[in-house]
Amino acid sequence: MILLIDSGNSRLKVGWLDPLSGHREAQAEAFDNLDLQALARWLPTLAVKPVRALGVNVAGQARGQDIAAILAASGCPMHWVQPQRDALGMTCAYRDPAQLGADRWAAMLGLKARLPQGHGPALLASFGTATTLDTLGPDDCFIGGLILPGAALMRASLARGTANLPLAEGPLADFPTGTHEAITSGVAAAQAGALVRQWLAGRERYGQPPALYVCGGGWHEVRAEVEQLLPRLADGGRAAPLPQALHSPVLDGLAALAAGGLA
């Protein structure tokens with residue numbers, strides 16, 4: 001068994017792949033990335049001992065070393081993958097692929113792996129600590145995308161950076177009449193607006209509407225706002241995009257790398 005590890009800023013997600021059968025985990029495990037002892041306690045509970053681990057880490061070198069040490073103590077060597085210009089038929093258009101977050105690169109490989117031959121453009125919106133909006137072209141070229149603070153980070157920045165604004169929680173409204181609602185609605189509108197901007201840019205570039213995929217723990221915060229905006233994108237007899245939720249595109253990309261023998 002090969003462990004698949006997505007070490008993010010807030011959470012550590014772990015899946016697995018049986019390289020012989022191709023079977024995957026039914027549901028990824030998720031741990032607080034500040035409490036790595038939870039990973040240490042979980043490893044001995046596995047019915048099958050992993051022979052190695054493959055992962056991406058955007059939580060800093062020290063965190064990567066700590067994770068690798070915990071796995072090594074269980075006899076499981078860790079290999080952190082880095083973005084490449086070409087892998088599994090996907091080309092990365094980043095000027096310097098080394099600057100690209102390994103999680104974004106793996107997620108796009110995971111997205112590509114689920115698309116059929118002859119697919120159109122696709123937009124992957126990932127709502128985590130940061131929000132990323134990345135586009136894959138019909139030619140399987142990852143053409144880049146946006147990075148912005150995630151919804152929770154936006155709310156927290158207002159609370160930290162101002163004297164009188166709270167760490168807001170509240171329902172969304174078109175015309176909020178309370179500060180909490182004004183902040184949560186404004187944050188959701190910013191997230192949804194960035195998504196729509198990238199979807200429209202993809203449609204203009206390729207002459208066809210991108211398929212829309214969403215993932216991440218912050219999706220629930222912006223879903224209502226996104227779904228309110230999307231019907232307005234229908235025109236010329238073309239239907240509005242329908243967001244399709246993905247559970248773990250980063251782990252899907254790692255599984256594709258492992259199955260392809262590239263890592």
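Predicted model: local features only at pLDDT ≥ 70, side-chain atom pairs only at ≥ 80, totals over all residues.

User: Which strands does strand β4 join, and in what direction do they run?

Analyst: Strands of a sheet pair through backbone hydrogen bonds, either parallel or antiparallel. Helices (H or I, at least four residues) and strands (E, at least two) are DSSP runs numbered from the N terminus, and two strands pair if DSSP finds at least two bridges between them. Here, strand β1 (residues 2-7) and strand β4 (residues 52-57) run parallel and are joined by six bridges. Strand β5 (residues 78-80) also runs parallel to β4, with three bridges between them.

User: What do β4, helix α2 and β5 make together?

Analyst: A crossover is right-handed if, with the strands pointing away from the viewer, the path from the first strand over the helix to the second runs clockwise. In this model, β4, helix α2 (residues 61-73) and β5 make a right-handed β-α-β unit. The helix α2 has 13 residues and spans 18 Å from its first C-alpha to its last, close to the 18 Å expected at 1.5 Å a residue; the expected span is 1.5 Å times one less than the number of residues.

User: Which residues of α2 are buried, and which are exposed?

Analyst: A residue is buried under 20% relative accessible area, exposed over 50% and partly exposed in between (1.4 Å probe, protein chains only). In α2 the buried residues are Arg63, Gly64, Ile67, Ile70 and Leu71. Seen down the axis of α2, they fall within an arc of 125°, so they line one face of the helix; the arc is that of the directions from the helix axis to the C-beta atoms. The exposed residues Gln61 and Ala73 are on the face of α2 turned away from its buried side.

User: Where do the buried residues of helix α6 lie around the axis?

Analyst: Helix α6 (residues 219-229) has Trp219, Val222, Glu225 and Val226 buried. These cover an arc of only 135° around the axis, which puts them on the same side of α6. His220 and Ala224 are exposed on the face of α6 turned away from its buried side.

User: In what order do the seven strands of the open sheet come?

Analyst: The order is β6-β7-β10-β9-β8-β11-β12, with mixed pairing. At the edges stand β6 (86-87) and β12 (244-245), each with a single partner strand, so one side of each is left without a neighbour in the sheet. Within this sheet, strand β8 (residues 122-127) and strand β9 (residues 130-136) run antiparallel and are joined by six bridges. Leu124 stands opposite Asp134 in β9.

User: How many aromatic pairs does the structure hold?

Analyst: Rings of Phe, Tyr and Trp (its six-membered ring) pair if their centres lie within 6.5 Å; planes under 30 degrees apart count as stacked, over 60 as edge-to-face and the rest as tilted. The structure holds three such pairs. In one of them, the rings of Tyr94 and Phe142 have centres 6.4 Å apart and planes at 15°, so the pair is stacked. Tyr94 lies in the loop between β7 (90-92) and α3 (102-114), and Phe142 in strand β10 (residues 141-149), so the pair ties together parts that are 48 residues apart in sequence. Phe142 is buried, with a relative accessible area of 0%.

User: How many disulfides are there?

Analyst: A disulfide is a pair of cysteine sulfur atoms within 2.5 Å. By this rule the count is zero. Cys92, for instance, is in no disulfide, and the nearest cysteine sulfur, that of Cys141, is 7.6 Å away. Cys92 is buried at 1% relative accessible area, and Cys76 is buried with a value of 1%.

Notes. Residues numbered from 1 in each chain as written. Heavy atoms only, no water.
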